[in-house]
Amino acid sequence: MIRIMNSARIILFIVLLPTLAFAQDDLLNQLQKEDSARAFPVMATFKSTRVVNGQSVETMKKNHLDFRISHRFGRLNSGAYQFFGLDQATMRMGFEYGVTDRFEVGVGRSTSQKVYDFFGKYKLIQQSTGARNIPVSITLFGGTGIATVNKELEFQDKLYYTAQVLLARKFGEKFSLQLSPTWLYRNHPEVTGDEKLLLAVGIGGRYKLSKRVSLNGEYFYTAREKNTLTAPYHDSMSFGVDIETGGHVFQLHFTNSLGMIEKQFIGETTGTWDKGDIHYGFNISRTFSFDKKNKRAAN
Amino acid sequence: MRMHILCTVIFAVAGMVCQTELAKAQSTLYSTSAGNTRFSSETPLENINAENKKSQAILNTATGELAIRMNMVDFVFPNKLMQEHFNENYIESDKYPTATFSGKVDKAIDYTKDGEYDASATGKFTVHGVTKTRTINGKIKIDGGKISISSDFQVALTDHKIDVPEIVFVKIAQIIQVKSLYALAPAKK
């Protein structure tokens with residue numbers, strides 16, 4: 001008899017359990033459960049479209065224009081007479097525009113070798129978390145340029161081409177790492193005897209020191225013998241700080257490369273860090289939004 | 001033996017009661033996952049607006065319990081750089097991904113009757129990981145089995161430990177205006 005009563009209590013409890021559980025189930029938890037099937041893209045792997053010299057996986061968003069001015073000064077080891085390099089400066093001015101949220105186009109003009117460069121960048125895969133977990137972002141970069149400094153050359157000999165597969169992962173809030181396999185083809189290398197095709201792989205990263213300041217570093221390994229007669233070049237290595245203030249990003253850096261386009265900093269870096277052939281430089285990036293439609297909708 | 005039959009009857013009745021209770025509880029739930037939450041920051045120098053069209057809301061009309069939840073990354077700004085800064089620098093959406101409200105509608109409303117009522121809800125309001133108990137005023141409108149909840153209120157940045165550096169102090173208001181509209185339909189189960 002007692003046994004029956006006991007089992008009755010247990011069964012009653014089991015039968016009523018769903019009701020009890022339901023009553024206690026917080027509405028907020030229910031919303032959270034309903035939301036768990038979504039995937040969220042990982043944003044801001046880098047603060048800007050460049051790590052230092054090299055391209056980052058970031059592209060400009062749709063209808064946003066980036067005006068970018070970059071300077072590299074002379075070598076720090078050039079002495080007090082040259083004011084440690086600051087007397088000489090070379091620059092690149094460029095515009096980048098987001099055609100879609102994933103595709104941007106850009107143009108630029110470098111004073112060094114009087115190069116006009118044109119490029120496109122397409123974000124193929126976006127790192128995401130949540131229901132669809134994608135561990136990396138992959139962006140494709142393709143560019144060409146015309147070095148107009150030597151008037152004697154045929155038009156096609158002034159051309160070079162660059163292709164990169166940019167592969168990056170944001171490891172948590174602060175640290176991002178990128179690999180940049182690079183294919184660089186010069187129709188007419190600067191030094192006679194240098195190979196037309198150059199393969200390289202870049203590794204770059206950033207570490208956020210605070211919400212608005214990050215430390216960046218980058219190294220491009222080139223698949224060739226260094227500092228030979230036919231190619232008196234070294235690998236490019238750069239370190240810098242990104243400072244973000246509202247619509248501007250200031251990138252200040254030290255690098256052994258003078259050029260600001262792939263042909264020059266990957267292919268034609270003549271300085272070395274151990275001899276002190278270091279250039280101080282900076283990029284200033286200013287973003288403008290031309291997204292009028294959205295603006296009206298929000299007002 | 002008679003005891004045994006009695007027990008079976010009790011279970012059967014209890015089971016039925018419990019199932020109808022469950023059904024009743026479900027039928028009083030109204031929800032949306034496409035609610036609209038907007039905020040604006042107005043200063044003489046710059047007006048900033050953002051809109052979240054994926055806010056979730058759920059109301060239990062039997063108890064007046066109300067919960068609202070939204071992902072900070074779903075706030076869309078006309079200027080994508082501002083959107084990035086909002087997530088990265090101000091609201092820190094990696095650390096604090098959602099804003100929530102969990103509370104109760106303060107007065108009893110007959111949700112079966114069409115009409116529009118001034119109402120308020122009191123509960124826990126969480127933004128940027130900081131929870132405040134607040135009473136938020138708004139309106140509840142009932143129209144042919146659909147319930148819409150709207151509200152218009154303010155959030156002070158300092159209440160939720162949202163830091164604005166001095167350099168952009170003049171461009172970002174200290175008090176943010178929030179407007180929301182949630183059109184609720186009977187929750188599907």
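I began with F141(A) and looked up its bridge partner in β8(A), which is Q164(A); I note here that I am reading a predicted model.

I then followed the two strands themselves, and found that β7(A) and strand β8, residues 159–171 of chain A, pair in the antiparallel sense over 10 bridges. Turning to the other neighbour, I saw that strand β5, residues 115–125 of chain A, also pairs with β7(A) in the antiparallel sense, over 10 bridges. In that pairing I picked out Y122(A), which stands opposite L140(A) in β7(A). I reminded myself that strands of a sheet pair through backbone hydrogen bonds, either parallel or antiparallel.

Next I asked which residues of β7(A) lie on its covered face and which on its uncovered one. Strand β7 spans residues 137–147, and I listed S137(A), T139(A), F141(A), G143(A), G145(A) and A147(A) on the covered face, with I138(A), L140(A), G142(A), T144(A) and I146(A) on the uncovered face.

I went on to strand β9, residues 175–186, and found 11 bridges joining it to strand β10, residues 197–208, with the two strands of chain A running antiparallel. Within this pair I located L179(A), which stands opposite I203(A) in β10(A).

Stepping back, I traced how 12 strands of chain A close into a barrel, in the order β2-β3-β4-β5-β7-β8-β9-β10-β11-β12-β13-β14, with antiparallel pairing. Neighbouring strands of this sheet are turned by 20° against each other on average, direction ignored.

Finally, I recorded that chain A has 4 helices and 14 strands, and that buried residues make up 36% of its 299 residues. Among contacts in chain A between residues at least 6 apart in sequence, I noted that 57% join residues at least 24 apart.

Methods:
Residues numbered from 1 in each chain as written. Chains lettered and ligands numbered in written order. Predicted model: local features only at pLDDT ≥ 70, side-chain atom pairs only at ≥ 80, totals over all residues. Pairing = 2+ DSSP bridges. Axes fitted to C-alpha atoms, helices over the stretch in contact; angles between N-to-C directions. Buried ≥ 20, exposed ≤ 12 C-beta atoms within 10 Å, placed from the backbone. Contact = placed C-beta atoms within 7 Å.
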